[in-house]
Amino acid sequence: MNRERTYLDHAATTPVDPRVAAAMQPYFSEAFGNPSSAHYWGQQAEEAVEKSRRTVAQALNCAPDEILFTGCGSESDNLALRGAALAQRREHGADHILTSPVEHQAVLHTAHLLADHFDFDLELLPVDQYGKVSPRDLADRIKPHTAVVSVIYGNNEIGSINPIQELASVCRQRGVPFHTDAVQAASQLPLDVDQLKVDLMSIGAHKFYGPKGIGALYVRKGTNLIPTLSGGGQEFGLRAGTHSVPLIVGLAESLRITSQQRNADNLHFQTLRDRIISSVTTNIPNTRLTGHPQQRLHNHASFVFEDVDANTLIASLDLEGFACASASACKTGDPTPSEVLTSIGIPRQLALSALRVTVGRTTTDQDVDAFLDVLPQVIARLRSAPGRT
Ligand SMILES: *Cc1c(COP(=O)(O)O)cnc(C)c1O
């Protein structure tokens, strides 16, 4: 089969940039040492890890010892939430967790686990119709015994961007640690932790053209965490496990490249995204954009379609050669509607029709043209099919 295929699912994952793969290559079989070893090989590996830490720190405008390498974005979210919640309870007796209903499951399920098994009191912040949290609502709900607040930066399902700096300021005034899940935002939005005023921030390399299986957590000096993965003293005693040097080098290199070309990437993404949004909302009847119309990730378009089943839609688009997503990638095959969509007031049945289209660096005008040609036909066909759900 030689039919062209078009990848429009960059929110699920991105390909490794060839420059990143090249930077990683020497650390598999040549400079293979364990950074914890005292000899030549160990030192060589340790140098690569510490150079990578400095690169990441530079991109986030923080000190190198405020960066921890983890196994993925999900692990960063886990360490931030569990680590801060448990440390705040130990130090201050704080047992209240505030987060939003539109978080990635790595945050939301972790918060529920802390409530169900560790006796934390979990409260979900209200969100508006676009899935945004208001600083005012946060100020109304934060308590003297709030242990940690976590709000997503750029939403993976609906693209909306939260006012992180304002939310973090509310927390700083009350002395409560603030975490943001920036895993989806990192490919496009400013990551200066000083400006953002965050205490904890999660990123994961595979969302910005780096390898899978590696993440980082920014931890502001003075923010105490109890480790979730214990063992050797790696990562300042906060994340045990022998460093994956090639993956760490890959994360740093992909973040360096992303920071460097962010503005150009965003311009490219935004042109394509806006064409998709305007074409779909004008040419396909009974369609709604989900998430904020302007304050959204530059590469992200998401919709719901009346009388369409998302799983059938994704399968039909795949047959036509287009790879898109319904809600978040982790939900494939799950018949329950996305909590993110129901929490912004989308009715259950409509929430089962969600389509997410996310463009990337290599997406072309022609790719988008071809997609915009096919999508209305596919939707019309599904709507007229007998026995449709
Ligand atoms: C992808 C994603 C995660 C999970 O990151 P992994 O590296 O895949 O574990 C967490 N939060 C958001 C917003 C994401 O988009």
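Author: A surface patch is made of residues with over 30% relative accessible area and no salt bridge, nonpolar side chains (Val, Leu, Ile, Met, Phe, Trp, Tyr) being joined within 5 Å and like charges within 9 Å. The model is predicted: local features need pLDDT of at least 70 and side-chain atom pairs count only at pLDDT 80 or more, while totals for chains, interfaces and linings use all residues. Residues are numbered from 1 along each chain as its sequence is written, and side-chain values use heavy atoms, with hydrogens and water left out.

Reader: Which residues form the nonpolar patch on the surface?

Author: Phe32, Tyr40 and Trp41, with about 380 Å² of accessible area together (Shrake-Rupley method, 1.4 Å probe; for residues, only the protein chains shown count as cover). Trp41 sits in helix H3 (a DSSP run of H or I, at least four residues; strands are runs of E, at least two; both numbered from the N terminus).

Reader: What makes Trp41 partly exposed?

Author: Its relative accessible area is 40%. Buried means under 20% and exposed over 50%, so Trp41 at 40% falls in between.

Reader: Why is Gln366 called exposed?

Author: Gln366 has a relative accessible area of 55%, and its place is in helix H13 (residues 365-384). Gln366 is 17 residues from Gln349 in sequence, yet their C-alpha atoms are 33 Å apart.

Reader: What makes Arg5 and Asp318 a salt bridge?

Author: Their side chains meet at 3.4 Å, N to O. The cut-off is a side-chain nitrogen of Lys or Arg within 4 Å of a carboxyl oxygen of Asp or Glu, so the pair qualifies. It links distant parts of the chain, 313 residues apart: Arg5 belongs to the segment before strand S1 (6-7) and Asp318 to helix H10 (residues 310-319). Arg5 is partly exposed at 45% relative accessibility, and Asp318 is partly exposed at 39%.

Reader: Which parts does the pair of Lys221 and Asp65 tie together?

Author: The closest N and O atoms of this salt bridge are 3.3 Å apart. Lys221 lies in the loop between strand S8 (215-219) and helix H9 (245-283), and Asp65 in the loop between helix H3 (40-60) and strand S2 (67-70), so parts 156 residues apart in sequence are tied together. Lys221 is exposed at 53%, whereas Asp65 is partly exposed at 44%.

Reader: How many salt bridges does the structure hold?

Author: It holds 19. One of them joins Glu123 and Arg141, with closest N and O atoms 3.9 Å apart. Glu123 is in strand S4 (residues 121-124) and Arg141 in helix H6 (residues 135-141), so the pair ties together parts 18 residues apart in sequence. Salt bridges that share partners also join Asp17, Arg19, Asp265 and Arg361 into one network.

Reader: Which residues are around the ligand?

Author: They are Cys72, Gly73, Ser74, Asp77, His104, Ile152, Asn156, Asp181, Val183, Gln184, His206 and Lys207 (a heavy atom within 4 Å counts as near). Helix H4 (residues 73-92) supplies the largest share, three residues.

Methods. Buried means under 20% relative accessible area, exposed over 50%, partly exposed in between (1.4 Å probe, protein chains only).
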